[in-house]
Every structure is written in structure tokens, then in C-alpha cells.
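Me: Could you take a close look at one strand and its neighbours for me, and then walk through the salt bridges as well? I'd enjoy a connected account.

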Amino acid sequence: TQRVGVMLGETKEYYSMIGTGANQPLGLFTASDDGITTSQDVSTGNETTQPTFDGLINAQGALKQAYDNVSTWIFHRDCVTKIRKLKDGEGRYIWTMGNVVAGIPNRILDRPYRTSQYCPHTFTASNYVGIIGDFRYYYTTTVRTMAVQRLVELYALTGEIALLFDGMAFDGMPVLAEAFRRVKLAP
């Protein structure tokens with residue numbers, strides 16, 4: 001049951017990140033007039049192969065204050081590794097270690113971040129590598145209940161049991177473009 005939950009959660013996360021919106025959720029990294037438009041992309045200050053301190057400041061600064069106060073970053077682990085190495089003009093790292101005991105998460109430019117294995121992480125010109133925003137404005141719903149059928153006979157000779165899932169569907173999309181800024185590498 002736990003493994004099934006993980007698999008379904010990963011599927012939902014995948015489409016929430018890069019879904020096209022055609023018979024699937026509209027992902028955060030899919031430019032669309034129905035979701036987050038390209039006017040929310042920030043590449044100024046970034047290099048063609050990695051985000052920079054200035055580029056991240058530009059992305060965060062482009063977010064309206066009403067959303068910045070509750071914003072969170074999302075990056076792939078590869079991008080977080082690059083960001084953790086960035087320093088300000090005085091040689092201080094911009095990544096801040098949190099305090100697990102006090103319940104304070106790790107932070108980038110004083111905002112918490114999350115990682116997703118499905119966040120784009122191809123570090124070449126004009127590609128998305130992250131996003132900052134108020135994720136209360138990403139709508140998601142499960143539209144049907146799920147039925148599980150146990151297929152014992154199919155794998156009886158090998159002692160395995162298969163599960164067939166049917167009837168589960170979910171949808172999602174960003175519903176307020178201005179609540180997000182995507183981090184894009186320089187062209």
C-alpha cells in the first residue's frame with residue numbers, strides 16, 4: 001500500500017511539473033496562456049549554463065510582495081547543488097542551512113525550497129531550471145475514485161501478485177500566473 005501511494009504521488013508530481021494540459025494536468029514548467037505565461041519567465045542575470053545569484057534575486061524580486069511573503073522555490077537536486085555553491089559579493093553562501101530542531105527549513109535568499117526529481121534540470125541556454133511562487137495558486141483535484149483489482153492468477157507460477165488500478169484521474173493547473181516566476185537560463 002505504501003509503495004502504491006509513492007508511485008501514484010510520483011505520477012501526480014511528474015504531471016504537475018511538466019504536464020502539457022492535453023489530457024493531463026498543466027504543469028508549472030509548461031508555458032501556456034491557460035497557466036503560467038512566458039511573461040513570468042526571468043532569465044536576466046543568469047548564465048547560459050547555470051543560475052546566478054543575481055538571476056535568483058531578479059526572479060524573486062519580480063514576484064509581487066503579496067506572493068513573496070509565502071513563496072517557496074522548487075528546483076531539481078542538481079540545481080540546488082549549483083545554487084549551494086553561489087556566494088554573494090562578500091564570499092557568503094546564499095544558501096542558508098535550516099534548523100531541524102526549531103522547525104526552520106533550508107533556505108535560498110531567505111525563502112524555503114523544495115526539490116523535485118521532475119523539475120527541469122538541463123543546464124543549457126533558455127531552459128527552465130526552477131520556479132518561485134505561491135503554490136496555493138496551483139489547483140489540483142482527484143476527479144474520480146480509484147478501483148484496485150488484485151491479479152493473483154496471472155503471476156501464480158512465480159508467486160507474485162499484480163495490481164491493476166483503474167478509474168483514478170486527477171487534474172491540476174496554475175490558476176494565477178502572477179503568483180509564479182520561473183527561473184530560466186540566459187539565451
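Reply: Happy to! The model is a predicted one, so please read each value here as computed from it.

Ile 74 belongs to strand β2, residues 72-75. On one side, β2 runs parallel to strand β5 (residues 111-115), and three bridges join the two. Strand β2 also pairs with strand β6 (residues 128-133), this time in the antiparallel sense and over four bridges. In that pairing, Phe 75 is the residue that stands opposite Gly 130 in β6.

Now for the side chains. In a regular strand they alternate between the two faces of the sheet. In β2, Thr 72 and Ile 74 point one way, while Trp 73 and Phe 75 point the other way. All four of these residues are buried.

From there, let's turn to the charged pairs. Side chains of opposite charge can pair when their charged atoms come close. Searching the whole structure turns up seven salt bridges. One of them joins Lys 184 to Asp 41, with the closest N and O atoms 4.0 Å apart. This pair links distant parts of the chain: Lys 184 lies in strand β11 (residues 180-184) and Asp 41 in strand β1 (residues 41-42), 143 residues apart. Lys 184 counts as partly exposed because its relative accessibility is 23%, whereas Asp 41 counts as buried because its value is 16%. Together with Arg 182, Asp 41 and Lys 184 are linked in a network of salt bridges.

Another salt bridge is formed by Lys 64 and Glu 178, whose closest N and O atoms are 3.0 Å apart. Here too, distant parts of the chain are linked: Lys 64 sits in the loop between α2 (53-62) and α3 (65-68), and Glu 178 in the loop between β10 (170-174) and β11, 114 residues apart. Lys 64 is partly exposed, with a relative accessible area of 45%, and Glu 178 is partly exposed at 27% relative accessibility.

A further salt bridge brings Arg 92 together with Asp 88, the closest N and O atoms being 2.9 Å apart. Arg 92 is partly exposed, at 48% relative accessibility. Asp 88, at 17%, counts as buried, because buried means under 20% relative accessible area.

Conventions
Residues are numbered from 1 along each chain as its sequence is written. This is a predicted model: local features need pLDDT of at least 70, side-chain atom pairs count only at pLDDT 80 or more; totals for chains, interfaces and linings use all residues. Side-chain values use heavy atoms; hydrogens and water are left out. A salt bridge is a side-chain nitrogen of Lys or Arg within 4 Å of a carboxyl oxygen of Asp or Glu. Buried means under 20% relative accessible area, exposed over 50%, partly exposed in between (1.4 Å probe, protein chains only). Two strands pair if DSSP finds at least two bridges between them.
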